[in-house]
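Let's take a friendly look at how parts of a protein pack against each other. Have the structure open as you read.

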Amino acid sequence: MPQFSADPAPDQHSSPLRVGIVGTGGISRAHAPGWVEAGAELHCHSVAGAEEFAAQFGARVHADLGSLLAAVDVVDVCTPTPEHGAIVHAALDAGLDVVCEKPLALTAEEADDLVAHAERAGRRLLPAHVVRYFPQYAAAKRAIDAGEIGEIAVLRFERTGSFPRQPWFGDESLSGGIVMDQMIHDIDQALWMAGPAVAVHARQHTAAATDEVRTAHVVLTHASGAISHCRGLWGAPGTAFRYTFDLAGSGGCLRYDSAGDSGITFDAVAAARQASGDGFLPEVTTFPSPYAEEILDFVAALSSGGAARVDGADGAEAVRVAGAALQSLRTGRSIAC
Amino acid sequence: MLTPTPLRVALMSCAHTHAAGYAALLEARADVDLVVADPDGFGNVSARSLVGSYEEAWDRWADGPEAIVVTSANAHHRDLVLEAARRGVHVLCEKPLATTVADAEEMVAACRDAGVVLMTAFPVHFSPAVAALRTAAADGTLGEVIGLTGTNNGKLPAGRDWFSDPELAGGGALVDHTVHLAQILDSLLGEPETVHAVTNRILWKDRAGDAETGGLVTLTYPGGLVATIDCSWSQPADAPTWGGLTLQAVGTGGQLQIDAFAPHVGGPGRWLPYGTDLDAALLEAFLGAVRAGEAVEPTGEVGLRTTRVVAAAQESVRTGQPVPLASL
């Protein structure tokens with residue numbers, strides 16, 4: 001299984017885990033601190049921005065993918081989605097374990113193919129479904145599994161953000177659109193919490209005035225009988241990132257709203273001073289970085305050969321259900337899955 | 001100021017949980033002379049004039065009542081409303097207007113032909129929060145609205161088993177809790193083009209019998225705007241309040257989220273509501289309409305249109321597919 005002895009402490013004697021980040025855009029900057037915290041030796045390769053990434057995180061730049069694959073133990077695929085497949089296959093062919101940003105692929109067939117390849121190669125394929133590492137969702141999942149809200153019945157998820165800055169996200173042929181790129185997080189949550197889906201119905205609407213404001217509603221029927229609603233939104237410019245869930249079971253409800261009380265509230269006077277730089281108020285968050293938690297969990301799984309909180313099959317299943325939602329959008333029908 | 005001659009009003013049946021509240025509000029008004037009929041003997045509605053049959057209520061005055069408020073089990077709305085129309089009596093009917101589209105159409109037609117007011121009891125129509133949403137949508141604050149998500153979650157009504165008897169209620173949560181939001185959406189957007197719904201029977205399994213207790217209804221409007229309603233009876237039994245109604249609208253001009261029952265003083269396990277009395281506003285509008293002889297919103301027609309949405313939702317549950325409203 002693992003071909004290295006991963007050791008999260010950088011100051012010990014065993015050689016550090018060698019990680020090759022492919023694609024040094026936005027999401028690589030979220031993954032990198034976790035790898036640094038794990039004591040990994042970083043390598044990178046990218047069509048753009050590799051030098052800047054390398055300077056920021058102390059990585060060695062490779063001019064081509066082959067050079068990177070020859071130098072690392074694990075590849076972390078952070079490219080736009082259409083490039084995932086070729087890089088994952090190449091990394092598996094090179095005998096490497098792979099972390100891959102979500103969605104694994106744009107189609108279920110392609111995602112299944114990646115998972116099958118990893119199995120054949122005896123390598124790990126870990127999809128970066130980071131929401132499983134957000135403590136709010138993790139706490140809800142633990143409570144559901146412990147039976148604290150009885151049998152889960154009706155789940156609602158919302159995810160809201162501005163239109164992505166990189167234009168390829170807006171091209172549905174490249175990103176899969178709001179359902180495959182953004183909502184897949186909540187589809188994964190629904191499947192994680194309520195089990196496999198048997199039917200999917202989806203609707204999406206884009207503003208007539210601007211194609212940068214879009215919303216999607218997806219309803220899943222789970223094999224258990226539970227039903228889930230996922231609502232995605234790319235909102236007007238300036239829209240704050242927000243995520244919520246509302247989970248109803250036969251024994252109680254669980255709710256979370258990221259726009260709720262974070263425990264740190266500046267009044268209007270202090271907030272204005274913070275914005276103008278008149279006062280020094282440090283930026284703080286109230287929970288550990290889910291991205292770091294995710295990478296550390298992956299490092300532990302690779303090191304031990306044990307399970308990670310999310311595996312390749314989960315990633316492929318999320319793509320399959322999101323793909324069924326896209327089929328529902330195309331046909332106007334509810335899709336069995 | 002002169003008090004007008006009191007209107008003769010009969011509250012027909014105490015089956016609905018709203019009957020007690022309506023009776024108390026009507027009884028407190030100087031401009032209403034009230035009789036309450038409790039033919040099922042629920043016994044929890046107090047009124048100076050309380051009778052044990054509909055006949056006694058119709059006969060309470062020599063000239064009969066001028067208006068009735070129908071708070072029977074849903075399946076019995078039709079007969080009471082048709083009888084009122086036959087007698088030339090104005091009607092405020094509890095929601096849903098009827099358990100079938102055919103019944104609702106017949107009721108609306110009968111009242112129209114008789115020239116009597118028919119209104120449907122959607123108290124949330126009078127919520128200041130809902131008014132704020134209608135204004136923000138109409139005046140362009142939200143820009144082009146592209147989607148809405150509504151929730152009307154509550155407990156399974158206690159002490160009124162008919163709510164979960166599909167024969168008497170017409171269904172379960174899908175029937176009980178889709179229509180309030182469907183009415184608000186109707187006032188914003190008109191009628192939807194297609195309706196998709198899924199339901200289940202996981203919540204309140206021991207008490208709810210054959211009625212669905214969880215449901216998600218997705219409405220698609222001409223042009224593609226999408227709205228989803230969570231109509232589930234998902235408020236836990238031990239929650240400090242009955243439930244609530246929220247609606248979030250998103251558009252090119254931003255988002256607005258309303259919570260019609262948010263105004264309250266809270267504390268662990270405490271919920272002291274202080275907002276506008278929506279039932280009182282509804283009754284005020286109805287009594288004004290009766291005096292004017294002309295219905296105001298929410299009318300019987302919106303009662304019919306929301307009944308059609310529920311029927312389409314039920315058909316979608318049966319077929320597993322979205323149902324065009326025009327196919328009903």
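## A helix pair in chain B

In this predicted model, one side of a helix contact is formed by Arg78(B), Val81(B), Leu82(B) and Ala85(B) of helix 3 of chain B. They meet Asp103(B), Glu106(B), Met107(B), Ala110(B), Cys111(B) and Ala114(B), which belong to helix 4 of chain B. Sorted by class, this contact has seven nonpolar, no polar and three charged residues.

How do the two helices lie? The axes of helix 3 (residues 77–87) and helix 4 (residues 101–114) of chain B come within 9 Å and cross at roughly 15 degrees. Angles under 35 degrees count as roughly parallel, so helix 3 of chain B is roughly parallel to helix 4 of chain B. Their crossing is left-handed.

## A helix pair in chain A

Now turn to helix 6 (residues 135–145) and helix 8 (residues 177–194) of chain A, whose axes come within 9 Å and cross at roughly 25 degrees. These two helices of chain A are therefore roughly parallel to each other, and their crossing is right-handed.

Helix 6 of chain A brings Tyr137(A), Ala140(A), Lys141(A) and Ile144(A) to the contact, while helix 8 of chain A brings Gln189(A), Trp192(A) and Met193(A). By class, there are five nonpolar, one polar and one charged residues here.

## Where the chains touch

The contact between the chains takes 31 residues from chain B and 32 residues from chain A. Several strands of chain B each supply at least two residues to its side, among them strand 7 (145–154) and strand 12 (254–259). Strand 9 of chain B gives the most, with four residues. On the side of chain B, the residues divide into ten nonpolar, 18 polar and three charged.

Definitions and conventions
Residues numbered from 1 in each chain as written. Chains lettered and ligands numbered in written order. Predicted model: local features only at pLDDT ≥ 70, side-chain atom pairs only at ≥ 80, totals over all residues. Axes fitted to C-alpha atoms, helices over the stretch in contact; angles between N-to-C directions. Parallel < 35°, antiparallel > 145°, perpendicular 65-115°, else oblique. Left-handed = near helix turned anticlockwise from the far one by under 90°. Contact = placed C-beta atoms within 7 Å. Nonpolar A, V, L, I, M, F, W, Y, C, P; charged D, E, K, R; others polar.
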